[in-house]
There are 2 protein chains.
Amino acid sequence: MRLGEIADLGSAQALLDWDQHTMMPATASASRADQMGTIALLQHQRLASDALGRLIDAAQGEVADAPYESDEASLVRVSRRDWEKAMRVPPDLRAEIARTTSLAQHAWAEARERSDFAAFLPHLRRNLELTERYAECLQGFEGIARTYDALLDEYEPGMRTEQVKAVLVQLRDGLRPLVAGLAGGGDGEGWSPLHGSFPVERQRELVGQLVAEFPLPEGGWRLDDSVHPFATSIGSGDVRLTTRYDAAYLGTAVWSAIHEAGHCLYGTGLPAELRRTPLYRSVSLGFDESQSRLWENWVGRGRPYIAWLISHLRERFPEQFADVSAQQLYADVNRPEPSLIRVEADEVTYNLHIVIRLELELAMIEGEIEPAELPEAWNALYREYLGIEVPNDSVGVLQDIHWAAGVFGYFSTYSLGNVIAGQLWESVREDNADLDAQIASGEFEPLADWLRQRLYRHAGRFTSPEMIERLLGELDVRPLLRHLEAKVAEVESVSA
Amino acid sequence: MRLGEIADLGSAQALLDWDQHTMMPATASASRADQMGTIALLQHQRLASDALGRLIDAAQGEVADAPYESDEASLVRVSRRDWEKAMRVPPDLRAEIARTTSLAQHAWAEARERSDFAAFLPHLRRNLELTERYAECLQGFEGIARTYDALLDEYEPGMRTEQVKAVLVQLRDGLRPLVAGLAGGGDGEGWSPLHGSFPVERQRELVGQLVAEFPLPEGGWRLDDSVHPFATSIGSGDVRLTTRYDAAYLGTAVWSAIHEAGHCLYGTGLPAELRRTPLYRSVSLGFDESQSRLWENWVGRGRPYIAWLISHLRERFPEQFADVSAQQLYADVNRPEPSLIRVEADEVTYNLHIVIRLELELAMIEGEIEPAELPEAWNALYREYLGIEVPNDSVGVLQDIHWAAGVFGYFSTYSLGNVIAGQLWESVREDNADLDAQIASGEFEPLADWLRQRLYRHAGRFTSPEMIERLLGELDVRPLLRHLEAKVAEVESVSA
């Protein structure tokens, strides 16, 4: 009952947020901020309450004999986890974080505009101080022993700093030689069939068809436009994705939509009987990202899907694609090239962008570098890992909103997602020898079902490390590295 | 603070509702019902609380010297009114009404399908019983002395049965001779330029332009499609309207949109400084309807607007409108003809449809007729007032959802709206001799501003009778009757 209310408030919040980014009239911003503030407050009050604590205590006895992975035991366990975390952080601190990071985001936007890191610096410092205070509240909770543990736990429940650090080091050491060996000097302006003139209305029809081909429940999803593509699950039977259209470049709309469709496939694969409970969610942001990346990169940029896609492209945009081979398109969407901007990076170099952020973030949080030294450190790592000179902070250390939003620890989930996707992909290929042929003929249900059985149906029962252990044994960056190495080799052989 | 929360929950509810009718994936119905139930419950709990009562008591003293119409005094007065009404009705009764009317609506939909009044009858009886119990809770509140008073008060705060009854009788007595004198025998299938083939996309563009020409704040509204057109104010700076497109008939989309735009003009005219308070609303449903009707019928079906509109129609649909005169279009959109279905009725006969419902509703509520006698009584009144034989209950007594939804007293607001609109129109014409010329040249701001100054800016400070007294002196059906008589005469002269 009480948990259902908390879930319903979460749904209302998700709708207010979706609407804000897709439908809301521009003049409603102030009202919307109030509305979302109120719903968040009411939700928090109901979660961080003694009454809920008593309910959980009472339920604990009832599920004492239930198996660990049963719905009942999981519900009590996960509710207690959410409740205890909510109780540990004083409402005043939460409110101060909300105010401070809101100001910091405005300051960041201006600072980025003028490439003026110094103007952002005091806000970053303040964010770090508050983050420190937040993390202190969680010390001792389930083995949280350092600041970064607490931050990570928000996005990757149960994951600890050492586990992420190990992945980070292995990724860095595996990727740096691969990236260093790339045929350099590309200026990103070679011929590409995806660049040209693509009327948005026809792009929208294409993307709508591509998403509809994925095994999303009929009448259970919708696709809209937004400035930044995103996916959200409003509630059971209601997932929504957006994409962004660039009339001069078809790639953005298509692969953003496939990425978001991956999130939606996870969302629609959660068991309906868990709806309106705290179990009705993905394991973690990393697991969620593993699905968007798996569908975007392993499926969407793979040879079989490109073969399937090109017939759609030839039909919808014959003038551009009549003479383009699947081979050429494959090379085009997979060409690795070191670049400045994370969100525009290719699949191979992307993880080095993340590695750089993780190293800096950890160093800042652990006091190894001063916030003031950040631009210099950033530029040095871009030079060292990607061989790129950063011309100014606007396209350097100021490019991402995360730290301005007080979001530390989040970047790791992008790489964890890629690592997990790599492992899942090797695993599903072992189980299903026909996977390539299925994808090449637009048959996605076998893959979706495999993922559903192994991952989606478990919903939020387990922490991230628990799910990793059950699903993968342990985190292993090698499948991702093998996947990227193979891509680099293939693209080079096509281009040669 | 507390009132702001209640308002924000109302906004969230409005968005959930808007989304349900415009955007929501079909499979989300069950989730959405839960979400809306929770938000309604939380809102009610915060309203019907001793804590709010104490806050209001405390505020009462502070505003003792403030003028009646001041924001402070009005806020306390209206909050106390809302609070006392909420406190008087036990939550159990509200829940029972919600359950019962939900079942009744399903039964009604099936009964209407099969024209089976007997199947609906027990549900109607149950609705009436619960309505009676609800009304008992409000006896004595601000002079509520009979059941219908209590029902009316929900939609028309402060309005009492005798006032509505007087309007009803005057309307009936004025309209019956007018309708009886109509050139009968029309089968509604005469030539009409609005019937034909109108691609929905081009209709949508036309309607978008027409609505944008009204003085709605830029970036503060949006127009969408829905099965039943509606308008809603989500919050300050955020009004939304919908319309419905019939590819074979242009009239539906255009005049539904103008009707809803009228509601939106009222919504956007509320003073922003009252946002997130219970004053941020229209006076009543009758006043709200006076605005939709005024814009739809007095403006939208008037000669000046038709002259303005026809140039748009000729531009967008030249094949249909090149040879149509403004005169012909005027006659076409104003041709009165008795018909079976309220929502399809013309402006002249419409109020007789309402009169019939009000007479029957009052008689049922006051025990003068048995629910079982309803079909017979309905058919007799249609024969007597409109000269029409009702072939079956599906297009007769079962045509409207209101009584199935437990909504008694609501119908009166449609006619009150028409009466008020008639009075406002005569009044604005006295003040503004250029009104016709302004409308004919697409200049709507002077009218909107007149309404804003006299009505919109008062928001929800006054009860319906208070606003009537301040704005109109008293209710007077004669302006509406004069308006309708003139239309009938003009249309006949065009057709002759």
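A charge is said to sit over a ring if NZ of Lys or CZ of Arg is within 6 Å of the ring centre and within 35 degrees of the ring normal. In chain A, the charged end of A:R240 sits in this way over the ring of A:W18, at 4.4 Å from the ring's centre. The structure is a predicted model, in which local features need pLDDT of at least 70 and side-chain atom pairs count only at pLDDT 80 or more, while totals for chains, interfaces and linings use all residues; side-chain values use heavy atoms, with hydrogens and water left out. Residues are numbered from 1 along each chain as its sequence is written, and chains are lettered from A and ligands numbered from 1 in the order in which they are written.

**The two copies**

- When the copies are superposed by least squares on the C-alpha atoms of residues with pLDDT of at least 70 in both, chain B can be laid on chain A with an RMSD of 0.0 Å by a turn of 180° and a shift of 0.0 Å along the axis. The two copies are thus related as by a two-fold rotation axis.
- The residue of chain B that comes closest to the rotation axis is B:A12, whose C-alpha is at 3.3 Å.
- The copies meet through the same surface, because 100% of the interface residues of chain B are also interface residues in chain A.

**Around A:S11**

- A:S11 has its place in helix α1 (residues 2–22) of chain A, where helices (H or I, at least four residues) and strands (E, at least two) are DSSP runs numbered from the N terminus.
- With 8% relative accessibility, A:S11 counts as buried; buried means under 20% relative accessible area, exposed over 50%, and partly exposed in between (1.4 Å probe, protein chains only).
- Leaving aside residues up to four places away in sequence, A:S11 touches A:I234, A:G235 and B:Q35, a contact being heavy atoms within 4.5 Å.
- A polar atom of the side chain of A:S11 lies 2.6 Å from the backbone oxygen of A:I234.

**Aromatic rings**

- Over all chains, the structure holds 32 aromatic pairs. Rings of Phe, Tyr and Trp (its six-membered ring) pair if their centres lie within 6.5 Å, and planes under 30 degrees apart count as stacked, over 60 as edge-to-face and the rest as tilted.
- The rings of A:W295 and A:F444 form an edge-to-face pair, because their centres are 6.4 Å apart and their planes are at 65°.
- This pair ties together parts that are 149 residues apart in sequence, because A:W295 lies in helix α11 (residues 285–299) and A:F444 in the loop between α18 (435–440) and α19 (445–454) of chain A.
- A:W378 and A:Y382 are stacked, at 5.2 Å centre to centre with 15° between the planes, and both of these residues are buried.

**Charged side chains**

- Side chains of opposite charge can pair when their charged atoms come close.
- A salt bridge is a side-chain nitrogen of Lys or Arg within 4 Å of a carboxyl oxygen of Asp or Glu, and by this rule there are 92 salt bridges over all chains.
- One of them joins A:D19 and B:R240 (2.7 Å, N to O), and this pair crosses between chains, from helix α1 of chain A to strand β3 (residues 238–243) of chain B. Both A:D19 and B:R240 are buried.
- B:R452 and B:D449 also form a salt bridge, with their closest N and O atoms 3.3 Å apart, and both lie in helix α19 (residues 445–454) of chain B.

Note on methods. A polar contact is a pair of N or O atoms within 3.5 Å; within protein, one must be able to donate a hydrogen and the other to accept it, and residues adjacent in sequence count only if both atoms are side-chain atoms.
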